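Here is a friendly briefing to read alongside the model. Please keep the viewer open as you go through the points.

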Amino acid sequence: MSQPALLRLAKVSKRYGSVQANHEIDLEVHSGSIHAVLGENGAGKSTLMKLIYGVEQPDAGKIHWNGQEVHFARPSDAQSLGIGMVFQHFSLFETLSVVQNVSLMVPGKPAELAQKITDLGDQFGLSVDPHAMVHRLSVGERQRVEIIRCLLLNPKLLILDEPTSVLPPQSVRRLFETLRKLQADGMAILFISHKLDEIRELCETASVLRGGEVTGRVDPREHDARSLAQLMIGREMPNVAHAAPRPPGEERLRLNALSHPRASRFGTTLEDIDLKLRSGEIVGIAGISGNGQQELAALISGETRAQEPGMIEIMGKKVGQLGPMARRKLGFAFVPEERLGRGAVPEMSLADNSLLTAHSRSMLSRGFIRRSVERAFTRECIDAFDVRTPGPDAEAGAMSGGNLQKFILGREIMLSPDLMLVSQPTWGVDIGAATAIRRRLLDMRDQGCAILVISEEMDELFEMCSKLHVLHKGQLSAALDAADTTPQEIGRYMIGAVT
Amino acid sequence: MSGLEFLLAGTLAAALPLLLAALGEMVVEKTGLLNLGLEGMMAIGAAIAFICVYHTGSHLLGFVAAALISTLVALLFAVLVIGVKANEVAAGLAIGVLGLGLSALFGKSYESLTIKGLPKIDIPGLSDIPLLGQTVFTQDIVVWLSIVGTVALWWVLNRTKLGLIIAAVGENADAARSIGYPVVLIRLSAVSFGGAMCGLAGAYASTVYTPLWADGMIAGRGWIALALVVFGTWQTGRVAFGALLFGILSLGELTAQAMGVGLPSQVLSSLPYLVTILMLVVISRRRSDLI
């Protein structure tokens, strides 16, 4: 390409304390192209984007815009040159309307802005009601609002941080069509993701990040997902083939027309949920988070009591109004989606976190804690589940998401439960750890445990589960045989196109 | 003057310190902070204003000085909370205590001294209305300005971009920062505004409403104002309504005498405080139903 790159980074570095988040990163993005930044969690993608968008300033290295060296002291500097960013966790204000949200960033009268929002929506397939309150919008619609808000500033470069992580498959299709139209309009797009198939489908060039450094610049279309993954994690992908499940045994969990009114305005009412789970099988609940997942997990774990005892049966006992401890005594274990706060107490050491659910493993004697047993248990968990930590005294809150998840899962597995509920097992966990976690769950299944997995990750559910349900607006679909269904069909359930 | 006339004439003035302090705190809370030091900021403002008016005779100077000193105290709170990330509750209580202490210190040698209040201003036309004219529509200049200011504040918060920005910062500071708003500056300004309003509230109490210095003269009005913000669900109109309601209550004994209620005066003087507690209980119950 003869003209200078729209954006060029030369040996950009950033360090936080002892962590080198970015090391001498080189990157070029041209107008009219979609460039992928690929990397695992913790590889330095987010830091890099913050540097480009002016949220943080690099320690060393240069940023060039249209061939000129630039310094961004704050996001508005980057915005004024024409850089727009769509955040992974949306930066919308829920109590305001779409137009009000847009007007916080884009100058203009509300009526004019509303018209522009509608026009842009028609042009790029981003339709959304300008006067709707944001808290009433679906996740896909919110993302459209974010993109529209960026586009109204006429950016030359649009950065999207993990834009598909929250979308059902149909919305991903739609987003990609929008991005291709923008590309055809001459816009440069920087697309950050760890999902290999998406990058191969959408992008012409990709920079692969690992441990804060660029480990490769490739044309993703010429590589298969496996070799891209290898670049990303720096070693061979572990084998993901698993033994077929044996026929399931006796029933361990049963939900009988479980209904529960929502606890808050922003919650979800659960309606008439039926589910059966037997030993030696993994059943998955797919669906976009916020459709009742948290409510359902709280009801099964006992954090919320059901309205009638018979609505929930564990090991054949009516447990609907028993507390979490009583349910655990029956052989139930639970890995919640919030690791900090529900799965573990951030300020406490790993050893004390073990005590929270494993106290029945002779950790108590006449009301006193037996520290040696507590430590031994924790040590065993750390070794057996490859938790990377200085030791049992490390604070839970100081660990990375993947490591903490391995610890929490390990702690629950070491209780040898007969029934497990695992919610979002690999959220924010890197590929290596995620693969290990899935293998552990399958091992548990083969040993006869009954496992219910709630997850947003379709691939994960198809890899592990023999039966799938979809949770949409508080209603659970009938069980679908994983071998007979497709991600597309599940996707239709996820957006409520079929019930 | 009959009891009813007394009520009509006195309510606005009695409500004014509560109104100003509560509106200031409302703006602070809208940006996502909580400053519990209202009582102290009002007290130091009251002391400084009284001293200023006593020596210069200028009420304007008194109000300006009070606003400045209370802003300074509020900025100390901002430095603690925004600057060094101290606990909000502890920092608010600390500057509250500091304000009370300073007010007692500065006011020591002025105990029981008096100054002249402000003249009442008639509104031409309205003042000729029977009963209301010489009561409700005869107020000092500060009351009239505060009514205009309250409407202006409503307009800014609900009809302008600045109001939108304040709401945005309060709802999600991280998001506001990421789209490029100077969150720290906005919060700093809000805290300063809250401080200045408390200063004005204190100044009105000590130089106009009761133009006499006595230690502890704010008498819990800062806490009532704090409760009023919650009572008013962070809406200008409702906060103003709440302030009026408490204005009537704080006329306590006199009100009751006017109505012919024969309760001991101690019970009557504690009425505003009892109602504050009651109100907070009712509101928190209602709020937990909503959530």
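Contact here means that the C-beta atoms of two residues, placed from the backbone, lie within 7 Å. Helices (H or I, at least four residues) and strands (E, at least two) are DSSP runs, numbered from the N terminus.

Please note that this is a predicted model, in which local features need pLDDT of at least 70 and side-chain atom pairs count only at pLDDT 80 or more, while totals for chains, interfaces and linings use all residues. Residues are numbered from 1 along each chain as its sequence is written, and chains are lettered from A and ligands numbered from 1 in the order in which they are written.

**A closer look at α6(A)**

- An α-helix has 3.6 residues a turn, so residues three or four places apart point the same way.
- The 16 residues of α6(A) (residues 169-184) should span 22 Å, and the end C-alpha atoms are 23 Å apart, which agrees; the expected span is 1.5 Å times one less than the number of residues.
- After α6(A) comes G186(A), with a positive phi near 100°.

**Chain A as a whole**

- Chain A has 16 helices and 23 strands.
- For its 499 residues, a compact globule would have a radius of gyration near 23 Å, and the 24 Å of chain A agrees; this radius is taken over C-alpha atoms, and the globule rule is 2.2 Å times the number of residues to the power 0.38.
- Its C-alpha atoms fill a box of roughly 70 × 45 × 40 Å along the principal axes.
- Buried residues account for 44% of the 499 residues of chain A.

**Chain B as a whole**

- Chain B comes to 13 helices and two strands.
- Its radius of gyration is 19 Å, close to the 19 Å that the globule rule gives for 291 residues, so chain B is as compact as a globular protein of that length.
- Of the 291 residues in chain B, 46% are buried.
- A90(B) belongs to helix α4 (residues 88-107) of chain B, and it counts as exposed because it has 12 C-beta neighbours inside 10 Å.

**Where the chains meet, and the cores**

- The contact takes 18 residues from chain A and 13 residues from chain B.
- On the side of chain B that touches chain A, α6 (161-171) and α7 (173-178) of chain B each give two or more residues, and α6(B) supplies the largest share, six residues.
- The largest nonpolar core has 153 residues, and I159(A), A22(B) and L228(B) have the most contacts inside it; such a core is a set of buried Ala, Val, Leu, Ile, Met, Phe, Trp, Tyr and Cys residues joined through C-beta atoms within 7 Å.
- A second, separate core of 68 residues includes L275(A), I408(A), V422(A) and Y493(A).

Conventions
A residue is buried if 20 or more other C-beta atoms lie within 10 Å of its own, exposed if 12 or fewer, and partly exposed in between; C-beta atoms are placed from the backbone.
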